[in-house]
Protein chains: 2
Amino acid sequence: MNTLWKVSADSFVNEKESIMRMGNVYQIANGYMGYRGTLDEFGPDELVGITIAGIFDRVGDSWREPVNAPNGGYTKLTVDNNDVSALTTSVKSHTQNLQLENALFNRETTYEVAGKTIVVNSSRFLSADTPNLGVIKYSLTTDKAAKVMINTGIDCNIWDLNGKHLVNLRLENRDNVLLVHAETNELGKRVAVAEMIDIDFGKCKHEIADNKNLHTIELETEAGTTYTFYKYFAVFTENDTVASVNDAAIKNVTEAKLAGYEKCLNDHNAQWTKKWQYCDVEIDGDDEAQQALRYSIFQLLIVAPVNGSANSIPARALSGQVYKGAIFWDTEMFMFPFFLYTYPEKAVELMRYRIKTLDGARRKAKTEGVGFEGAFYAWESQDDGDDACTYFNIGDPNTGRDLRTHFRDKQVHISGDVAIAMWEYFKLTEDDTLLLEGGAEVILECARFYFSYAYYNTNKNRYEILDVIGPDEYHERVNNNAFTNMVAKATFEIANKTVNYLKHKHPDAFKTLIQKINISGELHRFVEAEKLIYIPEPNNEGVIEQFDAYFKLKDTSIKELKATMIHPNEYLGAGQGLAVPTKVIKQADVVMMLNMFKTRYSKEIKKVNWQYYEPRTEHGSSLSACAYAMVATEFGDLDFAYEYFLKTAKIDIEAKYKVYVGTIFMGGSHPAANGGAWMTAVFGFGGVSADENQVTINPRLYTKWNKLQFNLVYKGDRFTVKITRGAVEILPLTMNKNSHTFIVSGQSVVCAPGNVVFIK
Amino acid sequence: MNTLWKVSADSFVNEKESIMRMGNVYQIANGYMGYRGTLDEFGPDELVGITIAGIFDRVGDSWREPVNAPNGGYTKLTVDNNDVSALTTSVKSHTQNLQLENALFNRETTYEVAGKTIVVNSSRFLSADTPNLGVIKYSLTTDKAAKVMINTGIDCNIWDLNGKHLVNLRLENRDNVLLVHAETNELGKRVAVAEMIDIDFGKCKHEIADNKNLHTIELETEAGTTYTFYKYFAVFTENDTVASVNDAAIKNVTEAKLAGYEKCLNDHNAQWTKKWQYCDVEIDGDDEAQQALRYSIFQLLIVAPVNGSANSIPARALSGQVYKGAIFWDTEMFMFPFFLYTYPEKAVELMRYRIKTLDGARRKAKTEGVGFEGAFYAWESQDDGDDACTYFNIGDPNTGRDLRTHFRDKQVHISGDVAIAMWEYFKLTEDDTLLLEGGAEVILECARFYFSYAYYNTNKNRYEILDVIGPDEYHERVNNNAFTNMVAKATFEIANKTVNYLKHKHPDAFKTLIQKINISGELHRFVEAEKLIYIPEPNNEGVIEQFDAYFKLKDTSIKELKATMIHPNEYLGAGQGLAVPTKVIKQADVVMMLNMFKTRYSKEIKKVNWQYYEPRTEHGSSLSACAYAMVATEFGDLDFAYEYFLKTAKIDIEAKYKVYVGTIFMGGSHPAANGGAWMTAVFGFGGVSADENQVTINPRLYTKWNKLQFNLVYKGDRFTVKITRGAVEILPLTMNKNSHTFIVSGQSVVCAPGNVVFIK
């Protein structure tokens, strides 16, 4: 196995912090659920978590968060009546690795117990073929004959951040299938976990314990013989469209056991082969970048939603309940492009999630502030689209009080982010079914929201978007944030295009839609607003003001600013934060806009603004560095871009990020940064962009690299692009349906199915 | 002397705190300058201050503040070479009083020094007839022969809050006139103090000390003989229209000495007789209320600007440099009505001050935020109309940091407060000269400001005033504050009336004005805005929402709120203050509006809103109680009104107010509360209101009172109104020019010159 296709460790560090971080790095997932990279014998104290996508629960006054399933992957041994665990037993050696090519987690641990050596070996995967299924192969070998007891089954001790989400927990043994089922606390949604083992040790005693969630297998081992058994566990919830979650779970494990481990693994691998064919990026000449980027892509692939689920990807993916399991703008801005350009059947689920939660966005618009029209998407969105973000969601360590922040009520760009992604999907896939199944409704409701939020400035004959937070969250309640205004303008533009498209292509659907949402009298306003909305333009020096009167703020260095902090964890924003009266910003804002609307601004403007804002940017968000990196590639500062690219790409493989803010645990993976790493490689160094007419490639191969190779899908056809020093090769699949125009470094070429195009 | 016409003390408390408070209570002033109620021998440590109206200075980074003059009232004795001072000498007895009828401060102190008794007696006044002049009569008597040395002259040790404002101080003796002259630090404005004494002790040695600011008079007293001398001091600044401040000061004291003490006092008294004829209010049957109210009126009379000065009255009047000597909205809202209804030649100066500072208001509009049109008056206004208010003007005791507050940039109602007062002056005086000499320009520029600040809400077809602070300063950056929107609407209305009036009455002046300020193309907008500006109306329960979404704030009691304070001085507003997320308000806001626009709202609405907001009001401003009191009289809760009236009226005579906020000294008098007390008596219990057509009187005599008698001026004619139980008597002066309509308890009567009208 190529080292660039795995992450591995060759020792076990018995420290809480290390166990927690390893849990993130070695996690596996299949879109339906995530399984943290913990060892078979671990429990809630080691943050074992099987986090299920799209099901949320609330206990008491704590915040809602995703539900963790009882752990069907649990196995623990005793040897001669001694507990065996990496936590308490002498570990002679330990290795573990995660195979990126198929999301297989392997561990091998050699223990010394009562003078005997025991080797434990296990591999596990969450099936990419059968979303509800987890499969484990577990082996043990003793160097001397020993009395081994295996406890395996479903561990009902669940790690939860905010209370016990599963109530009425019942444990059953149904013909040797262990079944744990329960209901969620808040909504009473049914959740079931079934487990079956496939064991053939010959002589052994196999019982199911009284409490019914564990098998106990007593075995007299022979020295040197390896004993292997297989575990199958299935998780079902009421969100699955099944008649009975219990029956479905039992059926699932029964069938899996019948098929057997190898079949299950092969089916799983076949899916993974396809994923990498679609999505891999190769970087020749830079193993560090190659591995970090591939790991980033891997992170996105494991959490891509199950087809048809209409789920999206939370900010910490499925690595736990962190950040309330909520979906932020990060998904549309930083993850969606990866899927759109490589794996549109996943991109479409992210959009279906927004369609599914449109009513929540409507409720939010109606109830926020004085009440608005249309759709105001949740800043922190869960299953129903209601906002999980609180009005006081940052603690002030100086006073112990919760600070009023306006993330929820003023970060209005979220709606436009959704609308823009919705339209991008249509633009690059030509698939209008998404528009027809609700996407157009989303777009119109977002435009409607902006129109009701906007104000007309009579003196200046323009619409303005007042009282918002842009991407830079340190400056709350600002007026005419350039980014937000551009997003609103784009939303109006998209709404107008949607109206024109539907009117001509689907007049009946159009009629039905405008009647349904009673919007015909408002459509002319979107045309007016697109024209008259105020977009801050570059000043004489070429700098675009981030928001009204930003230039009047105090110019101070980040270092000077931080020197005045009283508490190391104090928040720099929120009304009276230290950054508020200064030009110091949390993350890319104007530069984010330049990246998002890249054709609107010249290289020169990009450079000037980059140079102005970069020294003032704290990069306090994992989303900041990649935005700066992408813009830097455009005006040619590749060294800088590379530094920020690597920083972004390594965030999860290195796992050196902060995991606590105050007392709040926020450790976990960073799928937005993972997406940012891919974008920096493909959009930045690859120089790729696309619209309804063509794919553009302006290669900016980094000095250190010999080749940058990646895959793209455009209007349903697939391409491999190889960028080498001075040349670009485009390989359209033979099975592609159409020819497409590519503009490579300004040169227009037509890529017909199966015809390799080489451009020097 | 009636005890209701004086305040007095019969002992001297030798404590810093008491000396400071007595300095406020016993202050005298004549509009040109104030002289704190300190004793002759006191110096800067006892907060002696002669604060000059309308001249400001800044030293270094400290804030600008009024200039204090060198103390021309200084006298100190030695007896047999022992210093005599209330601070260090044994005081056998001490009495002091302030005569309200003529603003005369008297002290008599009996000391024991070296076995002898010495009685010191002094009286002082600042001439109400000759603004620059101060006069002192000083006597001493010893019970045994003694060697007395008198040091008298100009004390150049000046109490200053923020640095030494007078530089290049020169001391001169010009033919026995002591002269101290200097320049202000910032602008180099010339300031001069001259002093002369009139002494005739027969045999004594009179020298002028080397440093030339003090006379030393050596005198061998005879037992039981009283030795009296007179001091005349004059203060001039470059703001006086004189060729030389030195010469003017010398001339002033020379002439005063020539005229003599009695003549000076008589001229002074004649002015005071007139003042009280114009302004007195009598309350029969309630000495406490009578004295407190009269003292309040006295406070206003002493600081009424000198005719022609175009000065206004600072928030702490002339009692020191506190609050930067700045003029706030308090002046228009709480002091101006008193002068308008009793003493219009003083009211006009307050308005001239706003005309004088119009350019400052224009500068502020241009430079605040994104820049606005028209006139945005300073929140804290000094001589030039530039804003003395800082962006960080409250310290946070929890962190030691200065809090960003938005008093300066968001309290936009100030401009309308000015415009409304300007129009009121015209309405009640029929004197349009003020409009012509700049008042109309002020009004149009204020309307222009609001139009440029307002936004049009297309969905709702209305103009809105966003992002403001209303009178309740705890809630910053709110939208559609009912008070502010009403003020803006009134401003548009007034602007439209001004245009119509000038167009017809003074077409040339109108033409010149609109050309001067290039506003003809905007006038139609004011008409539209008057119609379309959004005014929050009562909800189903009759409550008017203070601002958008106020009703959504947390309902908590003031007590509960305060229980969560960490530091007793922590500010409850400013972004993250404890009151911000709650309905707790600092001071009358909706209720202030109901009082200001009283004809627009029914009694029932007033009562409902009063009952809703009062329990939520902290009354953290001295301006709050009287607004609640006045509205309470309208719906008949006279007991409550009385309680709040008394609270307001007694503020300065009791002097129990807080004098420090954090480390900032803010002790001093409260002329706005003084005006509020008068308004509560006359507008509240008297039920007086007036417009261009008539004076309305709806008497609501408090149970305890037998008679409420007050004086009014209306369109240049004067009236005394006597309200007794069940009857109202109106006494127009015989010299009145016209008959006027009065509506008394709904009954219309005509008051012809000299014709007493009695209504039962």
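How far apart do the C-alpha centres of domain 2 of chain A and domain 3 of chain A lie? They lie 34 Å apart, and this tour begins with those two domains. This is a predicted model, in which local features need pLDDT of at least 70, side-chain atom pairs count only at pLDDT 80 or more, and totals for chains, interfaces and linings use all residues. Residues are numbered from 1 along each chain as its sequence is written, while chains are lettered from A and ligands numbered from 1 in the order in which they are written.

**Stop 1: the domains of chain A**

Select chain A and colour domain 1 (3–277), domain 2 (328–536 + 547–584) and domain 3 (707–759); these bounds come from an automatic or database domain assignment. Where domain 2 of chain A touches domain 3 of chain A, six residues from each take part in the contact (C-beta atoms, placed from the backbone, within 7 Å). On the domain 2 side, the elements that give two or more residues are α5 (329–342) and α9 (413–429) of chain A, where helices (H or I, at least four residues) and strands (E, at least two) are DSSP runs numbered from the N terminus.

**Stop 2: where chain A meets chain B**

Now show both chains, and look for the 26 residues of chain A that are in contact with 26 residues of chain B. On the chain A side, α10 (433–453) and β22 (455–457) of chain A are the elements that give two or more residues, and β22(A) gives the most, with three residues. Because 100% of the interface residues of chain A are also interface residues in chain B, the copies meet through the same surface.

Next, superpose the chains: chain A can be laid on chain B with an RMSD of 0.1 Å by a turn of 180 degrees and a shift of 0.1 Å along the axis, using least squares on the C-alpha atoms of residues with pLDDT of at least 70 in both. The two copies are therefore related as by a two-fold rotation axis.

**Stop 3: a helix pair in chain B**

Finally, select helix α17 (residues 624–635) and helix α20 (residues 671–685) of chain B, which pack at an angle of about 0 degrees with their axes 9 Å apart; axes are lines fitted to C-alpha atoms, for helices over the stretch in contact, and angles run from 0 to 180 degrees between N-to-C directions. That makes α17(B) roughly parallel to α20(B), a term for angles under 35 degrees. To see the contact, display C626(B), A629(B), M630(B) and T633(B) in α17(B), which meet residues of α20(B) including A673(B), G676(B) and F683(B).

How values were computed. Two residues are in contact if their C-beta atoms, placed from the backbone, lie within 7 Å. Angles under 35 degrees count as roughly parallel, over 145 as roughly antiparallel, 65 to 115 as roughly perpendicular and the rest as oblique.
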